[in-house]
Amino acid sequence: KRHRERLNRELERLAGLLPFPEEVVAGLDKLSVLRLSAGYLRAKSFFSGKARASPRFFPKRLLGQQLHSQTVRKASLHLLIFTDLQALNGFVLVVTSEGLIFYSSHTIQDYLGFHQTDVMHQSVFELIHTEDQQEFRRNLHWALNPPHAPEGELSPEEGKSLSSSAVAYKPDQLPPENSSFLERSFVCRFRCLLDNSSGFLALNLQGRLKFLHGQNKRSEDGSALPPQLALFAISTPLQPPSILQIRTKNMIFRTKHKLDFTPLACDAKGKIVLGYTEAELRMRGTGYQFVHAADMLYCAENHVRMMKTGESGLTVFRLLTKENRWKWVQANARLVYKNGKPEYIIVTQRPLVDEEGGEHLQKRSMHLPFTFATGEALLYQSAYPLPGFPDPFQSKAKTSKSKKASHSHGGCSQTNGVDPGSLLGAVMRQDKQVY
């Protein structure tokens with residue numbers, strides 16, 4: 001027990017040293033803390049090696065001597081000589097020869113919906129379309145000819161392997177680092193949480209292979225390996241974004257919820273979009289109090305899907321702002337596990353204009369009501385007559401209602417038998433004036 005407590009304290013201290021906002025760090029599990037710590041220590045080793053020629057560039061602080069987000073941005077500028085990452089139509093991506101994401105700029109969230117912490121020190125092949133994985137492998141290899149490359153499509157095992165295309169080379173076996181032979185420009189489809197058609201976004205990756213210094217890797221016999229090549233690239237959408245997309249991409253925000261969707265935390269952009277403080281979000285009950293009545297069952301259906309599969313898929317609905325206005329958002333929710341059990345929910349949300357929301361509403365298909373067989377009717381009280389929806393259980397509604405009124409259990413109201421935690425309870429607690 002003492003060992004576990006000491007380990008937890010060390011992990012908390014380590015998490016506090018990561019260069020991310022407090023709300024992001026609060027959502028990290030223990031494995032993610034260790035993964036990101038390892039990633040930033042490797043980044044420190046690389047940039048420290050680069051900084052020897054220019055000592056002022058890299059402040060010697062990371063983890064034990066914190067590396068701030070500003071340092072990471074400066075490092076990105078040093079890598080690819082761009083002046084403003086925010087103005088750049090894309091994101092920086094550095095991938096090792098094994099296919100490990102060494103670094104990604106925070107702007108990846110604007111294009112793929114994944115936060116920086118979701119992808120760093122993870123296999124890039126988890127993000128790439130199966131049919132494009134072999135092309136990516138080719139471009140990681142200095143001669144565009146990786147060993148053991150299958151002639152057809154890669155199997156899932158080969159696609160996720162980090163070693164099948166990695167070969168250690170000595171610098172004298174490779175072209176000079178400034179050689180045009182090491183320049184790269186190719187297209188791959190990446191998983192995109194913000195896409196509502198195929199779930200993938202075609203990106204053009206443009207950059208070059210460069211030596212990854214300071215990694216202190218060793219061969220099987222224990223001898224030190226020289227620096228190996230890695231892909232340093234700018235990833236930009238193949239199709240230029242529209243003015244609307246440019247305007248809304250910078251307002252993507254993340255929220256954290258309990259398993260029943262009760263809000264726990266909201267990042268700075270979310271507070272700007274919705275207008276609430278975190279305290280105001282938490283004191284209102286389940287998150288469904290903020291959802292438009294016409295969207296509740298649709299959101300609940302995707303909520304159930306997420307509890308079964310771990311991810312909700314793209315969900316477009318209206319949220320109530322503090323000014324009592326409805327804001328369309330496109331969201332993707334996923335479960336975060338701790339010790340093999342679902343612990344909480346993280347939702348990435350992108351604001352939409354009303355025209356976009358209306359288009360999604362017209363395409364929406366609903367399957368009502370929920371069935372009693374799976375327990376969903378009890379969870380969402382779909383047997384209770386809802387205005388505007390057919391009620392096949394109408395003959396049983398009065399009996400059910402009278403029974404619930406006479407038996408007070410859980411958090412149910414004794415006046416009308418409606419559980420305030422249910423969807424109907426959420427609707428009845430909303431102010432009618434917001435509609």
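**View A. Phenylalanine 261 in the loop between S6 and S7.** Phenylalanine 261 sits in the loop that links S6 to S7; helices (H or I, at least four residues) and strands (E, at least two) are DSSP runs, numbered from the N terminus. The model shown is predicted: local features need pLDDT of at least 70, side-chain atom pairs count only at pLDDT 80 or more, and totals for chains, interfaces and linings use all residues. Residues are numbered from 1 along each chain as its sequence is written, and side-chain values use heavy atoms, with hydrogens and water left out. Although phenylalanine 261 is not a glycine, its phi is positive, about 85°. Phenylalanine 261 counts as buried because its relative accessibility is 17% (buried means under 20% relative accessible area, exposed over 50%, partly exposed in between, with a 1.4 Å probe and protein chains only).

View B. At least two lining residues come from each of strand S6 (253-257), helix H12 (293-309), strand S8 (315-320), strand S9 (326-338) and strand S10 (341-351). The lining has 16 nonpolar, 9 polar and no charged residues (Ala, Val, Leu, Ile, Met, Phe, Trp, Tyr, Cys and Pro count as nonpolar, Asp, Glu, Lys and Arg as charged, and the others, Gly among them, as polar).

**View C. The open sheet of 5 strands.** The strands are ordered S7-S6-S10-S9-S8 and their pairing is antiparallel; two strands pair if DSSP finds at least two bridges between them. Strand S7 (263-266) and S8 are the edge strands, each pairing on one side only. From one strand to the next the twist averages 35° (axes are lines fitted to C-alpha atoms, for helices over the stretch in contact, and angles run from 0 to 180 degrees between N-to-C directions). H12 packs on the sheet and touches S8, S9 and S10, its direction making about 125° with that of S8; contact means heavy atoms within 4.5 Å. Helix H13 (residues 354-363) also lies across S8, S9 and S10, at about 70° to S9.

**View D. The two hairpins of S9.** Antiparallel S8 and S9 are joined by 6 bridges, and leucine 319 has lysine 327 in S9 as its bridge partner. Their hairpin leaves 5 residues between the strands, and asparagine 324 in the turn has a positive phi of about 60°. Between S9 and S10 there are 10 bridges. Glutamine 330 is opposite arginine 350, and asparagine 332 is opposite threonine 348. This hairpin has 2 residues between its strands, and asparagine 339 takes a positive phi near 55°.

**View E. Valine 119 in helix H6.** Valine 119 belongs to helix H6 (residues 116-119) and, at 2% relative accessibility, is buried. Beyond its neighbours within four places in sequence, valine 119 contacts Arg35, Ile101, Ser104, Ile108, Phe114 and Leu127.
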